[in-house]
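I opened my notebook for a first walk around this fold.

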Amino acid sequence: MLRYCNKQLLRKPTTFIKPVVFNFSSPYSTSIPDASESSHTGEFVNSISKPYSVTTYARPNLVLTHGKGSYIYDLENRKYVDFTSGIAVTCLGHANDEITNLIADQASKLLHCSNLYYNLPAGELANKLVTKTKEFDGMKDASRVFLCNSGTEANEAALKFARKYGKSKNPDKYEFITFENSFHGRTMGALSVTPNPKYQEPFSPLIPGVHVAKPNDIDSVKALINKDKTCAVIIEPIQGEGGVNPVDTEFLVELRKLCDDNDVLLIYDEIQCGLGRSGKLWAHSWLGPDAHPDIVTIAKALGNGFPIGATMITEKVEGALSVGDHGTTYGGNPLASTIGSFIVEKIADEAFLSQVQDKSAKFIEGLNEIAEENPEDILKVKGKGLLLGLQFRPDFDINKVVEKCREYGLLVITAGMNTIRLVPALNIPDEAITEGLSILRKSIKESK
Ligand SMILES: Cc1ncc(COP(=O)(O)O)c(C=O)c1O
C-alpha cells in the first residue's frame with residue numbers, strides 16, 4: 001500500500017512541472033501577483049505539497065526552483081532579486097560554481113563515515129575555524145570545535161557544555177540567563193532560552209532555571225546572576241529574528257566582566273550575525289578581547305545552504321567535558337565539512353570582508369534615503385554589515401511591503417519590532433543592490 005501511494009505521489013509532480021525555459025524576463029517594472037490556484041504552482045502547492053506537509057509554515061504560492069548568485073527563480077519562470085539568502089545562509093550566492101564542484105568531488109570520495117573515526121575534511125574545518133578566528137580578532141582563547149548539523153543543535157551543545165562546566169563546580173550551578181527578543185532555536189534547550197511566548201507556550205514546561213534579562217541593561221543581569229547557580233549567559237551580539245538589534249559594546253564588556261566575577265560562561269550565538277555578515281569574521285571581532293566569549297555557536301553561512309552547525313569553545317570549557325558527553329551521527333560529515341572549510345577560507349580574508357563593508361555602506365546609503373522619504377512610517381535604519389533592518393511604526397503593515405516586493409521581483413523577510421530584514425549574499429553584485437532597493441522604495445510607497 002505504502003509503495004503504491006508513494007508511486008502515485010512521485011508520478012504526479014512531473015505532470016505539473018513545466019519544462020524550465022531559460023528566457024527569464026525581469027518583471028521589475030510591473031507588479032505581477034503570486035501565481036494563481038490554477039497555475040502549475042497552484043496545482044503543485046494544493047495537490048502535491050500542502051496536503052502532505054505539516055502546517056508549521058505560512059507560505060505564499062511561490063515554488064522556488066533554482067538560483068544563480070543573488071537571483072532566484074520560481075516555477076513560473078519569474079526572476080527575483082534575493083535579499084534573504086535563505087535567511088542569512090547562502091553567503092556566497094546560489095549555485096556557486098566552486099561549491100558545486102567541491103560537492104561533486106567530495107561526494108565521489110566519501111559522504112559519511114561516522115564519528116567513530118577521523119576524517120580529513122572535519123579535522124581541517126575544526127582547525128581552520130580555530131586558527132582563522134584567532135587571526136581575525138575573534139575569541140582569543142578559541143581552542144576546539146564540536147561539529148553538528150544546524151543552529152539549534154549548535155546551541156544545544158553549548159547549553160550542555162555550559163551545564164557540565166557549571167555542575168563540575170557545584171551541582172546547583174545549572175541556570176541560564178538569556179535576553180528579551182533573542183532567538184536561539186526550536187529544540188527544547190534552545191527554545192527554553194528563546195523567551196518568545198508564541199514559540200514557548202505550546203511546548204511548556206521547558207527546561208528549568210532560565211532567567212530573562214534586558215539587552216543593554218547590565219543591572220538587569222546583575223539582578224539575576226548568581227555565582228552558585230548560574231552556569232552561562234547566552235546572547236546574540238546582533239539580534240537577528242528579534243528585530244536586527246546590535247548590542248552595545250560597553251554592555252558586552254561589562255557582561256564579560258560580570259561573567260568572570262561569577263565564574264559564569266559567556267556564550268555568543270553568532271549563527272546569524274557571524275561568518276562575515278557583520279563585515280568582520282565574527283560580530284564579536286569588532287569588540288576587544290575584554291568582551292570575548294567562552295563559547296561561540298555557528299551555523300547558517302557555514303554550509304552556504306548545506307546543513308551544518310558548530311560550537312567553538314575554549315580550553316576552560318573543554319576541561320569539563322569527557323568522552324561520551326555529547327555526540328551526533330552526522331556532525332563533521334565529510335561533505336558538510338568540505339563546504340564549511342571552503343567557506344571559512346573564503347570569508348576569513350581581508351579583501352572579502354572589506355567588500356562586505358563596502359556593500360553594507362551602499363545598502364545603508366539607500367536605506368537612509370528611503371527612511372528620509374518616509375519619515376512618518378520608518379522609525380530607523382539599523383543593523384551592521386549585511387544584517388540590516390528598516391524598522392516601521394508599530395501599526396504599519398510590513399507584510400504588505402513583503403508582498404509588494406515579491407510582486408515586483410524582490411524577496412525580503414521580516415523580523416521582530418515591525419522590521420523589514422535584509423540579509424543578502426555577502427558577495428551580492430552592486431547592480432542587484434540597486435535593483436532591489438529601487439523595488440523596495442516603490443513597494444513601500446504602494447503599501448501605505
Ligand atoms: C541567532 C540564531 N540562533 C539560532 C538559530 C536556529 O538555527 P537553525 O534554524 O539552524 O536551527 C537561528 C535561526 O534563525 C538564529 O538566527
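I began with the elements: the protein chain has 15 helices and 17 strands (DSSP runs, H or I of at least four residues for helices, E of at least two for strands, numbered from the N terminus). The radius of gyration is 22 Å, close to the 22 Å that the globule rule gives for 448 residues, so the chain is as compact as a globular protein of that length (taken over C-alpha atoms; the rule is 2.2 Å times the number of residues to the power 0.38).

I noted that this is a predicted model, where local features need pLDDT of at least 70 and side-chain atom pairs count only at pLDDT 80 or more, while totals for chains, interfaces and linings use all residues. Residues are numbered from 1 along each chain as its sequence is written.

I then checked burial: 47% of the 448 residues are buried (20 or more other C-beta atoms within 10 Å of a residue's own; 12 or fewer is exposed, in between partly exposed; C-beta atoms are placed from the backbone).

Next I picked helix α10, residues 249-261, which reaches 19 Å from its first C-alpha to its last. Which residues of α10 are buried? I found Leu252, Leu255, Arg256 and Cys259. They cover an arc of only 100° around the axis, which puts them on the same side of α10 (the arc of the directions from the helix axis to the C-beta atoms). On the other side, I saw Glu250 and Asp261 exposed.

My last entry: just after α10, aspartate 263 takes a positive phi of about 50°.

Technical notes:
The expected span of a helix is 1.5 Å times one less than its number of residues.
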